[in-house]
Amino acid sequence: VARFYAAELVHAIEHMHMLGVIHRDLKPENILLNSERHILITDFGSAKLLPQPPLLPGEVNLLTLNEDV
């Protein structure tokens, strides 16, 4: 059970980071369970939004595509 919730937490943090969201106040009180027993991360009041989120897997950065040419 602990391994399942650890994996869900890691997946959620990775997803937030790919979207350019840094939580900055992640603690047990800010991790809830929904009715299907999956985690929900709350309290984004101190979150930082990156101006340009990192690329999602499979995306191509068109600005650096032709740098090797």
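Reply: What follows is a look at E8 and the helix that holds E8.

This is a predicted model, in which local features need pLDDT of at least 70 and side-chain atom pairs count only at pLDDT 80 or more, while totals for chains, interfaces and linings use all residues. Residues are numbered from 1 along each chain as its sequence is written, and side-chain values use heavy atoms, with hydrogens and water left out.

E8 sits in helix α1, residues 2-18 (a helix is a DSSP run of H or I of at least four residues, a strand a run of E of at least two, both numbered from the N terminus). The buried residues of α1 are E8, A12 and M16 (buried means under 20% relative accessible area, exposed over 50%, partly exposed in between, with a 1.4 Å probe and protein chains only). They lie on the same side of α1, because their arc around the axis is only 65° (taken from the directions from the helix axis to the C-beta atoms). An α-helix has 3.6 residues a turn, so residues three or four places apart point the same way. The face turned away from the buried side carries the exposed residues A2, R3 and H11. The cover over the buried residues includes β1 (21-22) and β3 (39-41), with contact meaning heavy atoms within 4.5 Å.

Though buried, E8 has no salt bridge (a side-chain nitrogen of Lys or Arg within 4 Å of a carboxyl oxygen of Asp or Glu). The nearest side chain of opposite charge, R37, is 11 Å away (Lys and Arg count as positive, Asp and Glu as negative; His and the chain ends are not counted). The side chain of E8 does make a polar contact with the side chain of H38, at 2.5 Å (a pair of N or O atoms within 3.5 Å; within protein, one must be able to donate a hydrogen and the other to accept it, and residues adjacent in sequence count only if both atoms are side-chain atoms). A polar atom of the E8 side chain also lies 2.9 Å from the backbone nitrogen of I39.
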